[in-house]
Amino acid sequence: MKQLDTELSKQFTLSDYVEQRPELAFVTVEKQQLVPLLTYLRDTKKYTHLVTLTAVDWLEVNQFQLTYLLHNYETHTDIGIRVKLDRDNPVMETIHHLWEQARVYQRELHEMFGIDFPGSPGVEEPMILEGWQGPPVMRRDFDTAKYSLETYDHRKRDTREPEIYMKEKLYPED
Amino acid sequence: MKLKDILSPFYVWKRAFEKPYSINTLTELRPGSPTYRGFHKNDVSKCIGCGSCAEICQNITIDMVPVSETKDGDSGLRPRFDYGLCCWCALCVDICPTGSLTMSNAYTWVEEGLDKDVRETYCFTPGVDEKHWENEELGYHRPDEYELLHLNRLPMPHLPTEERITSFIEMVKGYSREQAVKEADRCIQCGICTATCPAHMNIPAYIKAIREDNIEEGLRIMYETNPLPGVCGRVCTRRCEDVCALSHRGEAISIRWLKRYLSDSVEGEKYNQILASEIKPQNKTVAIIGAGPGGLSAAYYLLKMGYSVEIFEQNKAAGGMLRYGIPEYRLPYDAMDKDINYIVSLGAKLHYNTKVGKDISFDELHARFDSVFISTGLFEASKLAIEGETLPGVLYGLNFLEDVTHGKIPELGKKVLVIGGGNVAMDAARTARRLGADVVVIYRRREIDMPADHEEIEEGYEENIEFHFQAIPMKIEQTADNRLEFIWGNAEMKQLEEGKRPVPVMIEGSRESIIADTIISAVGQSTNYHWMEGEAIANIKFGKWTIEADRWGKSSDPKVFVGGDIFNRVADAISAIADGHRSARAIDSFLQSQTE
Amino acid sequence: MSDKYPPIVNGKSVYDLESGKYLKMWQGPQHPGVTGNMSLELIISGDQIVDCKTHVGYLHRGFEKLMERRRYINCFPIVCRICVPEPDTNEYLFAAAMEDLMGIEVPERAKWLRTLNMELSRLASFLMWIGGQSGAFGHGTVAQWALAHRDFVLDLFEEWTGARIYHMYTTPGGVRGGTPEGWDNHVERVLQGVEKFLTEVNHVMFNNAVFKSRAVGLGIIAPDMIDRFGVVGPVARGSGIVRDTRKDNPYLIYDQLDFNIETETAGDVYARAMVRWKEMHQAISLIRQIIKRMPRTGPLHITLPNVLHLKVPAGETYVRAESTRGEYGYYMVSDGTIYPRKITVRGPSYSHAMALLEHLAVGVNIADTHGLMLSLHTYPPEIER
Amino acid sequence: MTDIDKIHDSLEAKPEPADTETNNNTEREWRKDEKTLTNSELSLEEQDWFCDARPQPVKPAWGPIEKFYNWARSHSLWILAFGTGCGAIELRPLVTARYDISRLGMQPRPTPRQASVFMIGGYVSIKTLKRIVRSYEQMQGPKFVVAVCSCAINGGMYWDSYNTIKRIDHYIPVDVYVTGCMPRPEAVIAGFTKLKELIMAGKAEGQNLYAEKFDWYKANQKQVIKDWNMPDYNW
């Protein structure tokens, strides 16, 4: 896998290479170079299978990380391509022309993270949620437990921490 | 289309002559399999209400609710399950440190829902609310091969026995960082220990600090309730470990060694910086009689509250029983001095070699200071009350240990007999062993009744100390060659009173003897109040052994407070520290009320 | 014929419902032929579908969000709910991803038991599928048999793991217990029953004029579509693609077991059904091999650091396994805290049910949509998670 | 755990949902009487397509006749084949050879029009709730609801999910609950047996409860279903 990274580095600006297992590596690429890189990997390097496309929210550094995971059926190796997006203006090029199912992934990311993929068919349509009015749910600043407790009717809990309970019962004055 | 394709499906008719798949009766329920994860059961007599089940449950299924029946080391809470939330993953069963929580193979619970809120109906406390599956034998129990908890503690490295019996070097080596973090990781943070600790130290919090490698935070947490952590980290009687949730199926967390690790990890010079807090000076003075753990603890908290404190100590160094009663191999003087020096550095004024009643009168203290805290400790050894006790060669444990501390090592001879089963007896025995004598320990009851630390007894065995149990002393005689003959009678344990511990009763006519060079009696300590005289004691009420005081240590004279061994009767360091802390707060509120 | 289909502009069919030529019809979520909860928005002309749109989200619980706020050990009970008919793949993959990040090797015996668990669960899932597939083409009898046999497999699970559906057996660090005594005989009895059933299925379903005439030639997936649509598993193997995660990227003890990749070349519904029928035989053979060869003693589980505050080292990983629908994968990102940063579940149904089905449905008779959908073997809960 | 409790504490007791919003549409003033619904979410044109009558409670027939009716109802429970959550997975074994509940006079029906029992299988997402309400209202009376799995009772393991409702009885009336995750088919059968008993005793009056507290149920439904684009009562 290291060899592939070296080879790719000649043409693309890559960074943060991590080899998790001999057959799985992750690498970060510049946002502008992603589509050429994916096309290159698909057409030249036989990474023909788009395994998944997902996003990770790094709220602390105000970034979204998109991970494109590709699989090579001949060498049976995977490469994960990371792209960092600005969290305030998350826009990414679409890759639905490379893989048909990418448009579904992109549609989901648009709904769940609010990442836009201009040109991807149907990307604006709601996919999973219906009538959702809050912020994109998978963003880390959306607190699902809080939302759930505020929105739905929960049975009031009646629990005690052993430590605090024992203090109140056995030695309240200390 | 082939003819075969049309005829082939008629094969299905063959089934008409076979046994149907259907289960025979629909109304009778098939029992769940023997390991079925059905409804919960809880053996409430085993449950200690530690709340681990509630902690691991991701579904907030488990509420801890109070029950009336409790026992020692029991929070008084029991898990209540909400079957509107449960997912029957059985993690609660797997983590249960006592093994009280299990599952039955019952699985049917139907409720009608129109007229009530079934969410309340589906809540129940297993073992308390009676359910029909209560006595179901089958059902999920944690398989033996599968364990979520680490039940065994990390072994503490000790000096090898051969080295141990020849020197007074501290025998416990202490945990390294990796070991401490690993040991701290075992903790399930239930907090039952906190309630049991006399000083109510926030044990889970400082264990968490160790786990997260935040030593300074850990030190701060310890000092909130205990200003002598280095001492307690070595010699505490650690009742917390007796009730540790993990001790039910495995070994308790080494809370004492973790405390020691924390205090050893910080250099004494840094204490001031780490523990720095804003001190608001108060224009009041407090006298403390006795620089033992109780006095030092009171001094620390009073100093932190801004009072000026003067301590009067009859010996030439502070520490009291810690210094003069506990041998160096258990509590090295360096470790103790580290704690004491920090307290002194806060501004405590220590008067050494000053015995109240002799060098300075109690009246004077009472008049000069705004408040007086008495923690003189049990400095008098109890008598054996048998014939021959006054013979030369018969020593008292306390005096013996004190002499060793002062460097006055008495001539022990080859064979030493120690009478008693407490920590002082063990200390005396093991000190004598280190001084080169063969030691025999004589105790009235059985081994399990010994008040001494279990570990100490075990280490005593390792050090080749001999034990005689159920032996009631009868008399001591001087032999012809100037040695001592100790005569005792064998006893049997009798349950005289229901609910109390059995009492040794002498077997008629039994008589055994042993010849030794020295006999060390360590059967208890007491105190006296002869030093308290004058007008100032007019308002103080004395009990049989004690000064009468409320739970805050406040005596009938509002200015005078008591604490430590003379007050709490448990007579261990941590109780004295707790008294000191408690009284310090009481003194504070008394002095504040004076100001107003 | 040609004017039957609406014109396509920018990759989207443009149709005028007012013209009376097209009719919009919804199938699902409340529809007997639709597996699980999902719906198809069909545009039909006559009884032929001219456009299809898959709607999912009826089972969305937000697993990926929920896992972000659960400790690792607490993710373990929740992951199996992602795919209801075949939960064990999820359990294994979650554990495997975690073990990969922590650098933990599970005991040998646990590996065998995990494999057994996965194969047994594959068998149950295939039986579930055959019930649906036959039912979709009107063979209710086969469905009755299949579901009963699946229930016998579930009985095995119950005896072994303590639950019928959600076994929660593969925990991070190993497995939750050994097999009970006498269980092997029960397995053998059930397997013989399933084998007999498979023979009958061959007679009643595969050699059935009705099934043949409806399934052959329906929903053909050409080999060149495989990578373009991200097709995996039996669906890909039905088009002659020789791929199987168990062989290609062996995990657990699959490299020690004897099996071949089953393929068919036609690429239609019939071929895919045939592949699955063969794979059921394969699963039976694998289960027998495992039971015969697995170690009976040895540790089952290594105790992790205290699970209540277990931290997983920062990093990211992807693990995959072969489920009945094909490659199933977990992408796990850890930031070194006690909560996972992100766990993405890559279910094979995702690409099959959305992009692929929408493509294949065009031109199909409405009555055949369910047969087509089931031949892709989609389980909606794993699409929307 | 503790921060959740804090949120719990900070939330005050929820006020009962307000009654149905009044229609501001002046053109349709004549619709505003007690027996009609406003269907205010629909366009004027659509309002004409749908009926605006409210559901009405059904009075039981004369004693012995009603008993006979109940006997008949309890012996022909047809289940709506709508798998609303993971509980649906146990519906299939139930209706097939192994458990074969047709022996109890029960069978799955593909359409709400023919079904009399609605089995809620566990968690209900918002999107499904909309379909559940619709399907339930479309079912012909007398109709009954059996809710299985713990999720339907109090949210189950999705208690903190943003997309699932926590208790189904706020949205449709539930006659019988069966707890478990998953409840075994036998437990579900026990639930149905219980339902039969209730029907025989004339106590399974969920349908009437729905009609009586219609406004309350509707308000609850509209509180969580944000894009309400269907008539208020679908029948």
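Q: Which elements does chain A have?
A: Chain A has five helices and five strands. Starting at the N terminus, they follow the order α-β-β-α-β-β-β-α-α-α. Please keep in mind that this is a predicted model.

Q: Why is chain A called more spread out than a compact globule?
A: For 174 residues the globule rule gives 16 Å, but the radius of gyration of chain A is 22 Å, well over that value, so the chain counts as more spread out than a compact globule.

Q: What share of chain A is buried?
A: A residue is buried if 20 or more other C-beta atoms lie within 10 Å of its own. In chain A, buried residues make up 43% of the 174 residues.

Q: How many residues does each side give to the contact between chain A and chain B?
A: Chain A gives 15 residues and chain B gives 21. On the chain A side there are five nonpolar, one polar and nine charged residues.

Q: What makes strand S3 (residues 77-82) of chain B mostly covered?
A: Six of the six residues in S3(B) are buried. On one side these are B:Leu77, B:Pro79 and B:Phe81, and on the other B:Arg78, B:Arg80 and B:Asp82, so both faces are covered.

Q: What makes S3(B) and strand S2 (residues 62-66) of chain B a pair?
A: Pairing asks for at least two bridges. S2(B) and S3(B) have five, in the antiparallel sense, with B:Ile62 opposite B:Phe81. S3(B) also has two bridges to strand S6 (residues 123-124) of chain B, again antiparallel. There, B:Phe81 has B:Phe124 as its bridge partner.

Q: How do you know that chain B and chain D touch?
A: The count of contacts shows it: 29 residues of chain B are in contact with 38 residues of chain D. Strand S5 (110-112) and helix H4 (118-121) of chain B each give two or more residues to this side, and S5(B) has the largest share, with three. By class, the chain B side holds 17 nonpolar, six polar and six charged residues.

Q: What makes S5(B) and strand S7 (residues 176-178) of chain D a pair?
A: They are joined by three bridges in the antiparallel sense, and at least two are needed for a pair.

Q: Which residues touch the most other members of the largest nonpolar core?
A: Of its 405 residues, these are B:Cys92, B:Ala299, B:Leu302, B:Val418 and D:Val146. The largest share of this core, 14 residues, comes from helix H4 (residues 108-136) of chain C. Beyond its neighbours within four places in sequence, B:Val418 is in contact with residues including B:Ala425, B:Val439 and B:Ile520.

How values were computed
Residues numbered from 1 in each chain as written. Chains lettered and ligands numbered in written order. Predicted model: local features only at pLDDT ≥ 70, side-chain atom pairs only at ≥ 80, totals over all residues. Contact = placed C-beta atoms within 7 Å. Helix = DSSP H or I, 4+ residues; strand = E, 2+ residues; numbered from the N terminus. Nonpolar A, V, L, I, M, F, W, Y, C, P; charged D, E, K, R; others polar. Rg over C-alpha atoms; globule rule 2.2 N^0.38 Å. Buried ≥ 20, exposed ≤ 12 C-beta atoms within 10 Å, placed from the backbone. Core = buried A, V, L, I, M, F, W, Y, C linked by C-beta atoms within 7 Å.
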